[in-house]
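Please read this note with the structure open beside you, and take the points one at a time.

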Amino acid sequence: MNKRRDSGGESEAGSGDRTGRRTIRIEALARVEGEGSFHLTMRDGQVEDARLNIFEPPRFYEAFLRGRDFREVPDIVARICGICPVAYQMSACHALERAIGVFDQIDPAIRGLRNLFYCGEWIESHVLHMFMLHLPDFLGYESAISMAADHRELVQRSLRIKKTGNAVIEMLGGRSVHPVGACVGGFYRSPREAEVAELLPELKVCRDDMCELVLELAQMVEFPELDRDYEFVSLVAQDEYPMNLGRIKSNKGLDVNQTEFGEAIEERQVAHSNALHARIKGRGPYLVGPLARLNLNADKLHPRAAELLPQVCDAVGRPLPWRSNSLSLLVRGLEVVHALALAADLLDGYRPPVRSYIPVEPCQGAGRHGTEAPRGLCWHEYRTGADGTIATARIVPPTSQNQTSIEDDLREVAPQIMELSDEEATLRCEQVIRNYDPCISCSVHFLKLTRETRHSDRRES
């Protein structure tokens with residue numbers, strides 16, 4: 001049962017004028033994290049302009065990390081996002097371990113706990129987006145609250161699964177929002193057996209229920225057609241679906257190690273965004289996130305998710321590779337099944353590791369590493385001084401990497417909305433943006449500023 005929706009923000013879905021010009025604009029995007037707007041202008045059936053305007057102020061994390069002790073970094077970068085703090089902590093820890101020369105000394109048990117930590121984040125973040133922010137678009141509701149009036153059980157089931165993801169993060173991080181348990185070298189403490197015994201049954205229940213929910217969604221949701229020839233980019237590991245480790249690859253020939261990625265892309269500043277746009281040098285925009293991960297790593301899904309995949313493909317009538325980002329709703333569901341099943345496996349028969357972290361000492365060095373945030377590749381670069389203080393920092397968040405693809409999607413959807421009402425066209429554009437689960441606050445870090453000195457031709461950057 002569909003309900004009439006509104007945009008949830010101030011909209012100016014401009015009507016056409018005598019020149020055949022039509023503008024679709026909304027000043028405050030709803031059901032996304034952070035502050036942004038969009039602007040789409042068409043004339044005589046052709047797109048003149050498509051912009052995702054990110055006006056949230058820059059937060060300058062790279063700047064105020066400089067001069068801090070390297071051991072402080074994981075707790076600081078966790079504050080970048082309340083939804084995906086684990087991604088920032090894990091990328092920072094791996095990059096700093098490379099910088100101080102202990103990356104290859106990390107115990108397999110610690111790497112297992114890091115995957116478990118990431119499982120918690122994928123569960124809570126994906127479920128939040130799927131059922132609270134994204135699904136209302138497909139079922140015709142203005143919010144999860146109005147959707148719950150007709151789908152109460154569905155919302156309750158999803159909230160239970162999200163709570164379980166939060167519990168995994170809290171077990172390792174001390175708290176579920178801005179966790180403080182991770183450190184360079186591992187974790188300050190490992191989970192206790194009693195904690196694991198309490199959580200494991202709930203993980204298994206939620207795993208089985210999520211399998212049912214994914215199939216229900218595949219059968220009940222009608223996905224709009226918007227197939228595009230994306231360049232998909234994600235980590236690709238040898239023997240696991242990627243979270244923390246792997247080379248960085250694409251479906252169009254990109255294949256670099258963690259150190260080389262910074263030279264493979266370029267970040268550009270644009271006038272309408274306080275976040276940098278990323279492109280692959282010599283090629284152009286690319287897409288990171290769940291759709292990219294699945295298309296490049298489907299053969300490495302946990303068996304519980306792998307057995308669901310063909311059923312989901314049959315339900316939507318589309319074999320892999322999927323080239324419509326609206327299907328990311330289902331990909332996130334498959335990744336939640338993967339994360340729940342992997343977490344249950346990691347905790348089944350759990351015994352605390354001999355040590356939860358390895359000793360680390362300050363030294364001069366440089367390290368680069370990216371991990372797979374729920375929204376895609378989150379890549380960090382740090383240089384440390386001899387005393388272990390941060391000399392330089394660079395953070396490339398997933399949403400900034402996806403911005404150009406979002407704008408290209410808006411251009412591609414334009415022919416489909418020509419005959420729609422202003423309200424319907426606006427909502428369709430919003431759905432295109434929400435397909436990406438953009439985390440706008442994550443994306444606004446640092447801009448290159450040029451200072452002009454009055455009465456002088458000198459320019460300083």
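1. In helix H9, the buried residues are Pro290, Leu291, Ala292, Arg293, Leu294, Asn295, Leu296 and Asn297. The helix, which spans residues 290-297, is mostly covered, since 8 of its 8 residues are buried. Please keep in mind, here and in the points below, that this is a predicted model.

2. A contrast to look up in the viewer is aspartate 150, which is found in helix H5, a helix running over residues 144-150. The C-alpha atom of aspartate 150 lies 28 Å from that of serine 324, and the two residues are 174 residues apart along the chain.

3. The next point concerns a pair of helices. Two packed helices are described by the angle between their axes and by the distance between those axes. For helix H7 (residues 193-220) and helix H10 (residues 303-316), the axes come within 9 Å and cross at roughly 15°. Angles under 35 degrees count as roughly parallel, and H7 and H10 are therefore roughly parallel to each other. The crossing of H7 and H10 is right-handed.

4. Which residues of H7 and H10 meet? On the H7 side they are Arg207, Asp208, Cys211, Val214, Leu215, Ala218 and Gln219, and on the H10 side they are Arg304, Leu308, Gln311, Val312, Ala315 and Val316. Sorted by class, this contact of H7 with H10 has 8 nonpolar, 2 polar and 3 charged residues.

5. The model also has a sheet to examine. It is an open sheet of 3 strands, in the order E1-E2-E3, and the pairing is antiparallel. Strand E1 (21-26) and strand E3 (46-54) are the edge strands, each of them pairing on one side only. With direction ignored, neighbouring strands of this sheet are turned by 10° against each other on average.

6. Looking at one pairing within the sheet, E1 and strand E2 (residues 36-43) are joined in the antiparallel sense over 6 bridges. Histidine 39, in E2, is the bridge partner of arginine 25.

7. Finally, which helices pack on the sheet? Helix H12 (residues 398-417) does so, touching E1, E2 and E3, and the direction of H12 makes about 140° with that of E3. Helix H13 (residues 422-434) also packs on the sheet and touches E1, E2 and E3, while its direction makes about 55° with that of E1.

Technical notes: Residues numbered from 1 in each chain as written. Predicted model: local features only at pLDDT ≥ 70, side-chain atom pairs only at ≥ 80, totals over all residues. Heavy atoms only, no water. Axes fitted to C-alpha atoms, helices over the stretch in contact; angles between N-to-C directions. Helix = DSSP H or I, 4+ residues; strand = E, 2+ residues; numbered from the N terminus. Parallel < 35°, antiparallel > 145°, perpendicular 65-115°, else oblique. Left-handed = near helix turned anticlockwise from the far one by under 90°. Contact = heavy atoms within 4.5 Å. Nonpolar A, V, L, I, M, F, W, Y, C, P; charged D, E, K, R; others polar. Pairing = 2+ DSSP bridges. Buried < 20%, exposed > 50% of the residue type's maximum accessible area, 1.4 Å probe, protein only.
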